Amino acid sequence: MEEVKVFPLSCVVQNYAWGKVGLDSEVAKLVLGGDPQVVIEDGKPYAELWMGAHPKGDALIKDNRISQRTLGQWIADYPGCLGSKVKDMFQGQLPFLFKVLSVNTALSIQAHPNRELAAKLHAQFPEHYPDNNHKPEMAIALTQFKGLCGFRPLEEIISFLKAVPEFHALVGNEAADELQSCVGNPGRISLALKKCFSRMMNCEKKVFVDQLNMLVKRVSEEAAAGKDTSSSNGELLLQLHSQYPGDIGCFSIYFLNRIVLQPGEAMFLGANEPHAYLSGDCIECMACSDNTVRAGLTPKYIDVNTLCEMLNYSPAPVSAKIFPSIQDPSDPCVYLYDPPVPDFTVMRIQIPPSVKQYTVSPLDCAGILLVVQGEASASSAAAFTDIMLRRGSVLFISANESVTLQVTSSTGMIMFRACCLL
């Protein structure tokens, strides 16, 4: 029998403690949409949906004509499905991991190493760094999505050093003065910023806990008295301190940009870019790696020295962190999020209510398609039978295969497709 090259997937859910709970979670809603038999538990966090072939979350194939159980097994047996360029460049592996995240409490402040550093860390500390790959990633908001991303403009950091004495105490006079003297001298900014951040991160635990308690007490009293606490970034401070009391990461809000993405907006996180997700639901796509160097807001291992050495100390306004999507000139329904790395590209496919038949075009690489809104009957020469798509459906599409949709919903469709355009 000819092999089936387009098939639905049943994907792995990760129930990390920071996830949104029960049906508040977009992950849970998508899982239930894709399989109405699933029981969603009220008090359980549904943090991430993994769509891919990563060993920690290899998707199951929902087609009983296929003997392989998982996507990873199937790709190993039929590496040609990846497309010849991807197969050769990425040694027969699917190069990306596609996810949905539903964030209730903040994830750790972290950065991901470049390939060179990843190889070194993996060789030295395999228990903390499980593979030798880089991990650039992109987040695309499904609901309003809040995060921290990259170092703030110099003027903003200096104004916090002046307005927040507890923050100034951790950085110290010498490093703070050095940063102040860099205004108008861009060549020295990175080193001065590195010194400030490193001083704070290497502060003795008792010192920073005392300063944090004083800051939280002061800001809480000001807020209770109805005063404006924005000069101390008070609202975010109290939110993070309630989630991670006594954590050095609470002070990182004075160094890092706070970003708010509206649905459809994205941020790209290259190597060595400090970031943290705070709240909301997003689509995420990344290189297939699990390497994370943490800096706070976490009970997990914090590798302060590696982190302070590796970070990209380039201040930039928050507006520079929003990654634009570009409408595909050959298909007005497709918006491309194409980051400056070869491992992945994401497409947002928005089919208007007026369009009832739509073809998901063939690409010279494999892709994974997620339906976020709408319903359709999908047919493909490589599937042999029609596949019903609805909110939460996930479809694997081999290289060079097209899928024709007969749209049945009256509101059109929204889908996201992860692929690797070399």
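**Exercise 1. Determine which residues lie nearest the centre of the largest pocket, and describe its lining.**

Solution. Step 1: the lining of the largest pocket comprises 33 residues, and those nearest its centre are Tyr16, Gln110, Thr292, Arg294 and Lys300. The model is a predicted one.

Step 1: the secondary-structure elements that contribute two or more residues to this lining are strand E3 (48-51), strand E5 (96-103) and strand E11 (275-287). Strand E11 supplies the largest share, 5 residues.

Step 2: by class, the lining of the largest pocket contains 16 nonpolar, 7 polar and 10 charged residues. The volume of this pocket is about 690 Å³.

**Exercise 2. State which helix gives the largest share of the lining of the second largest pocket, and characterise that pocket.**

Solution. Step 1: the second largest pocket holds about 480 Å³ of space. Its lining consists of 23 residues, with Phe90, Gln93, Leu94, Asn133 and Cys288 nearest the centre.

Step 1: helix H2 (residues 71-77) provides the largest share of this lining, namely 3 residues.

Step 2: the lining residues of the second largest pocket fall into 10 nonpolar, 8 polar and 5 charged.

**Exercise 3. Classify the relative orientation of helices H7 and H8, and identify the residues that meet.**

Solution. Step 1: two packed helices are described by the angle between their axes and the distance between the axes. For helix H7 (residues 173-180) and helix H8 (residues 189-201), the angle is about 155 degrees and the axes are 9 Å apart.

Step 1: angles over 145 degrees count as roughly antiparallel. H7 and H8 are therefore roughly antiparallel to each other. Their crossing is left-handed.

Step 2: from H7, the residues Glu174, Ala175, Ala176, Glu178 and Leu179 meet Ala192, Leu193, Lys195, Cys196 and Arg199 of H8. The residues of this contact comprise 6 nonpolar and 4 charged, with no polar ones.

**Exercise 4. Classify the relative orientation of helices H9 and H10, and describe their contact by residue class.**

Solution. Step 1: helix H9 (residues 205-224) and helix H10 (residues 234-243) have axes that come within 10 Å and cross at roughly 125 degrees.

Step 1: The crossing of H9 with H10 is left-handed.

Step 2: Leu212, Asn213, Leu215, Val216, Val219 and Ser220 of H9 meet Gly234, Leu237, Leu238 and His241 of H10. This contact has 6 nonpolar and 4 polar residues, and no charged ones.

Notes
Residues numbered from 1 in each chain as written. Predicted model: local features only at pLDDT ≥ 70, side-chain atom pairs only at ≥ 80, totals over all residues. Heavy atoms only, no water. Axes fitted to C-alpha atoms, helices over the stretch in contact; angles between N-to-C directions. Helix = DSSP H or I, 4+ residues; strand = E, 2+ residues; numbered from the N terminus. Parallel < 35°, antiparallel > 145°, perpendicular 65-115°, else oblique. Left-handed = near helix turned anticlockwise from the far one by under 90°. Contact = heavy atoms within 4.5 Å. Nonpolar A, V, L, I, M, F, W, Y, C, P; charged D, E, K, R; others polar. 1 Å grid on protein atoms, 1.4 Å probe; cavity = no way out; pocket = protein on both sides within 12 Å on 5 of 7 lines; lining within 4 Å. Points joined across faces, edges and corners; volume = space filled by probe spheres on them.
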